Amino acid sequence: EIDVSNAYSQSTFPISPLDLVSRAKQVLSAEIELGTKDNGACLADDFEFVAAVVGPINKEEFLNALGSFKLTESFDIDQNLFGFTVDPIQTNRVWY
């Protein structure tokens, strides 16, 4: 079993787990919506999106694609997000 506290203490990632979870919640919030409402200000300049069947795409391509979906206009979305945790192996990753 992974000693999570020890893994976090040995991490070289500059953002603490608590702050990273807070940041993830902020980026997913209705006020920012993954960058579509802040014109990508929440995303790093070298942001890259990679999924199973999409990507890698850069920040501009991501924002253009996501903005064209108009998800909140098309669906009544209630995210029901829970269980935010920082991965003890990849301490730059938040799972939820």
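Predicted model: local features only at pLDDT ≥ 70, side-chain atom pairs only at ≥ 80, totals over all residues.

Colleague: Which residues make up the largest nonpolar core?

Modeller: That core has 8 residues, namely Val 27, Ile 32, Cys 42, Leu 43, Ile 57, Phe 62, Leu 63 and Leu 66, where a core is a set of buried Ala, Val, Leu, Ile, Met, Phe, Trp, Tyr and Cys residues joined through side-chain atoms within 4.5 Å. Buried means under 20% relative accessible area, exposed over 50%, and partly exposed in between, with a 1.4 Å probe and protein chains only. Helix H3 (residues 59-69) gives the largest share of the core, 3 residues; helices (H or I, at least four residues) and strands (E, at least two) are DSSP runs, numbered from the N terminus.

Colleague: And is there another core, and of how many residues?

Modeller: Another core, of 7 residues, lies apart from that one, and includes Val 21, Leu 28, Val 86 and Val 94.

Colleague: Changing topic, where does Asn 80 lie, and is Asn 80 buried or exposed?

Modeller: Asn 80 sits in the loop between helix H4 (71-74) and strand E3 (85-86), and is exposed because its relative accessible area is 57%. Its C-alpha atom is separated by 24 Å from that of Val 53, 27 residues apart along the chain.

Colleague: What about Val 4, where is that found?

Modeller: Val 4 is found in helix H1 (residues 4-10) and counts as partly exposed, at 33% relative accessibility.

Terms used: Residues numbered from 1 in each chain as written. Heavy atoms only, no water.
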